Amino acid sequence: ENLNTNTTTPKDRASKSKYNTYLRKGLPPGPIAAPGKAALEAAANPEPGKWLYFTTVDFDSGETKFAETDAEFQQIVSEFQAWCQSHPGRCDS
């Protein structure tokens with residue numbers, strides 16, 4: 001099993017685990033990861049904005065884009081998917 005992937009697989013999304021938020025509503029029963037210092041500082045001091053969605057669009061640079069609407073989010077998801085297609089093996093197991 002390859003644990004060094006950036007996205008989930010169909011097998012991951014079908015898992016009966018109590019941590020599978022694709023199948024189970026709400027939050028998982030406990031922590032699933034520990035944030036680093038930069039993430040904690042960003043959460044404590046967020047940039048002003050009305051963002052509801054975000055995704056990293058380039059795993060090499062770490063560039064992450066934010067969106068206020070679902071339509072905007074779908075555009076950045078398309079950008080992420082295009083990056084994945086142009087970098088075979090980087091986004092799947």
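## Salt bridges, a pocket and a patch

Glu-41 and Lys-37 sit four residues apart in helix α2 (residues 37–44), so about one helical turn separates them. In this predicted model, the two form a salt bridge, with their closest N and O atoms 3.9 Å apart. Lys-37 is exposed, at 63% relative accessible area, while Glu-41 counts as partly exposed at 43%.

A search of the whole structure turns up three salt bridges. Here they are side by side:

| Salt bridge | N to O distance |
|---|---|
| Lys-37 and Glu-41 | 3.9 Å |
| Arg-90 and Asp-60 | 2.8 Å |
| Lys-65 and Glu-79 | 2.8 Å |

Lys-65 belongs to strand β2 and Glu-79 to helix α3, so their bridge ties together parts 14 residues apart in sequence. Lys-65 is partly exposed, with 26% relative accessible area, and Glu-79 is partly exposed too, with 32%.

Asp-60 is exposed at 52% relative accessible area, whereas Arg-90 counts as partly exposed at 32%.

Strand β2 (residues 63–67) also holds Phe-66, which counts as partly exposed at 46% relative accessibility. Together with Trp-51 and Phe-54, Phe-66 makes a nonpolar surface patch of about 360 Å².

Then there's the largest pocket, with a volume of about 290 Å³. Ten residues line the pocket, and Thr-8, Asp-12, Tyr-19, Asn-20 and Tyr-22 lie nearest its centre. By class, the lining has seven polar, two nonpolar and one charged residues.

Notes
Residues numbered from 1 in each chain as written. Predicted model: local features only at pLDDT ≥ 70, side-chain atom pairs only at ≥ 80, totals over all residues. Heavy atoms only, no water. 1 Å grid on protein atoms, 1.4 Å probe; cavity = no way out; pocket = protein on both sides within 12 Å on 5 of 7 lines; lining within 4 Å. Points joined across faces, edges and corners; volume = space filled by probe spheres on them. Nonpolar A, V, L, I, M, F, W, Y, C, P; charged D, E, K, R; others polar. Patch = residues over 30% accessible without salt bridge, like charges linked within 9 Å, V, L, I, M, F, W, Y side chains within 5 Å. Areas by Shrake-Rupley, 256 points an atom, 1.4 Å probe, with all protein chains shown as cover. Salt bridge = Lys/Arg side-chain N within 4 Å of Asp/Glu carboxyl O. Helix = DSSP H or I, 4+ residues; strand = E, 2+ residues; numbered from the N terminus. Buried < 20%, exposed > 50% of the residue type's maximum accessible area, 1.4 Å probe, protein only.
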